[in-house]
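Reader: I would like to learn how to read the pockets of a protein model. Please begin with the general idea and then turn to the case at hand.

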Amino acid sequence: MRLIFLGPPGAGKGTQAKLLTEKYGIPQLSTGDMLRAAVAEQSDVGKRAKAVMDAGQLVSDEIVNEIVSDRIDSPDCSKGFILDGYPRTVPQAVALGKMLEDKGLRLDAVIELKVDEVALVRRMENRVAETIAAGGKVRSDDNPEAFRKRLVEYREKTAPLSQHYAATGELKTVDGMASVETVTSEINKILASASADA
């Protein structure tokens, strides 16, 4: 079961990925975690990534692709994996396609959680209000302004991935505004039909 989740911040990708990792026993691979692990392991690519990050620069696609490739080769990915936050751009998606092909693997599905951005911002404002009312501490990136910026950035950089995967026929969309249970059941239907086609 090899999947990619697409969708803006707050769409519920993390929640759904967690449910799937428990159901199928496959890891959720987030770019940030993979980068940190590679740096901690001091692998060749990890050392290169660390040098770039220490210089305050963004890690290149080439390094990120290599880290993902190494991670996919890990034993815990033998039954599959869920990619979250990668690929972020069409060139990364093209590189991933080639990488999987070279390994004799293919994606089962690219699932995009479609959401209403206005409702997402409202949902986020409510969450902040509830946290404050409960006397909790609000995360620094949990403010509507920062959130709107992240949505714009997502739309500009990552949304073209939808078109890319729609063109390859791999894209499946799910209404991310539905309840967690409904979204889960829609995803399960997509996966059932993907494994039937395999």
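**Reading the pockets**

Author: This is a predicted model. In its largest pocket, α7 gives the most to the lining, with five residues.

Reader: How much space lies in the largest pocket?

Author: About 1,300 Å³ of space lies there. The lining comprises 43 residues, and the closest to the pocket's centre are P9, G85, R88, R150 and E153.

Reader: Which elements give two or more residues to the lining of the largest pocket?

Author: They are the strands β1 (2-6) and β2 (28-30), together with the helices α1 (13-24), α2 (31-41), α4 (61-72), α6 (117-133) and α7 (144-157).

Reader: How is the lining of the largest pocket divided by class?

Author: In a reading by class, residues such as Leu count as nonpolar and Lys as charged, while Gly counts as polar. Here the lining has 16 nonpolar, 14 polar and 13 charged residues.

Reader: What residues line the second largest pocket?

Author: The second largest pocket holds about 160 Å³ of space. Its lining consists of P8, E112, L113, K114, V115, E117, Y154, R155, A159 and S162.

Reader: Which element supplies the largest share of the lining of the second largest pocket?

Author: That element is β4, with three residues. Both β4 (109-114) and α7 supply at least two residues of this lining.

Reader: And how do the residues of the lining of the second largest pocket divide by class, that is, how many are nonpolar, polar and charged?

Author: Five are nonpolar, one is polar and four are charged.

Terms used:
Residues numbered from 1 in each chain as written. Predicted model: local features only at pLDDT ≥ 70, side-chain atom pairs only at ≥ 80, totals over all residues. Heavy atoms only, no water. 1 Å grid on protein atoms, 1.4 Å probe; cavity = no way out; pocket = protein on both sides within 12 Å on 5 of 7 lines; lining within 4 Å. Points joined across faces, edges and corners; volume = space filled by probe spheres on them. Helix = DSSP H or I, 4+ residues; strand = E, 2+ residues; numbered from the N terminus.
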